[in-house]
Amino acid sequence: MIIAETTLTPETGEYGYLLALGEDYEWPPEWPYGWRCGPIGTETAHILTDTDTGPITITVQTHDAPPPPETDPAWGPAEEMSLHATEDTPAIYILGSGDFEEAEPDDGPLALPTERLPAWMRMRLYCHTADPEPGVGDRGERHLIQLWAAPEEPPVHPELTESDLTQRRGYKEDFDQSAAAWE
């Protein structure tokens, strides 16, 4: 059953956004090519958008138990992952050109459905874009994020293609700015 729900309508950039359940968040060291979301450590999810720059609607729900699957055919397939919460309020950060901008919920912040922290939470993500070709402007993109307390479990994502793996390797090589990479 839904405990609470809030909606955000931020302007996003081509890098998507982060859902952080703790204070430790960073620029994604890996891009989740082939998936809609991927982990950054244990506390943060990086969520990709089809909208390059423009508005998206993000609905965040907290539940007291795993919610039933969404049956509306407009939603794409669900992806799930476990996140370790160390803060009681989830935060959404829009990724800009090397910076983060916190997106404020229209209905006020949500509290996570747990009585004590740290705790494992399960995140389920659904996405819908009226115009799925990446582009600028309002693409009718909306995301549904469902959160509930649950033990850590393996993620649920589509199988990666060789193209996805190649894109991931390329991003990781571009991102690696260590001294060893410059030798």
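**View 1. Surroundings of T7.** T7 touches T57, I58, T59, P105, D106 and D107, residues up to four places away in sequence being left out; contact means heavy atoms within 4.5 Å. The model is predicted: local features need pLDDT of at least 70, side-chain atom pairs count only at pLDDT 80 or more, and totals for chains, interfaces and linings use all residues. Numbering runs from 1 along each chain as its sequence is written, and side-chain values use heavy atoms, with hydrogens and water left out.

**View 2. T7 in its strand.** Strand β1, residues 2–8, holds T7. The relative accessible area of T7 is 19%, so T7 is buried (under 20% relative accessible area; exposed is over 50% and partly exposed in between; 1.4 Å probe, protein chains only).

**View 3. Fold of the chain.** Two helices and 13 strands make up the secondary structure listed for the chain; helices (H or I, at least four residues) and strands (E, at least two) are DSSP runs, numbered from the N terminus. The radius of gyration is 16 Å, close to the 16 Å that the globule rule gives for 183 residues, so the chain is as compact as a globular protein of that length. This radius is taken over C-alpha atoms, and the rule is 2.2 Å times the number of residues to the power 0.38. The C-alpha trace spans about 50 × 35 × 30 Å along its principal axes.

**View 4. Burial and charge.** Of the 183 residues, 44% count as buried. The chain carries 9 positive and 37 negative side chains, and the centres of the two sets lie 7 Å apart. Lys and Arg count as positive and Asp and Glu as negative, without His and the chain ends; each charge is placed at NZ of Lys, CZ of Arg, CG of Asp or CD of Glu.
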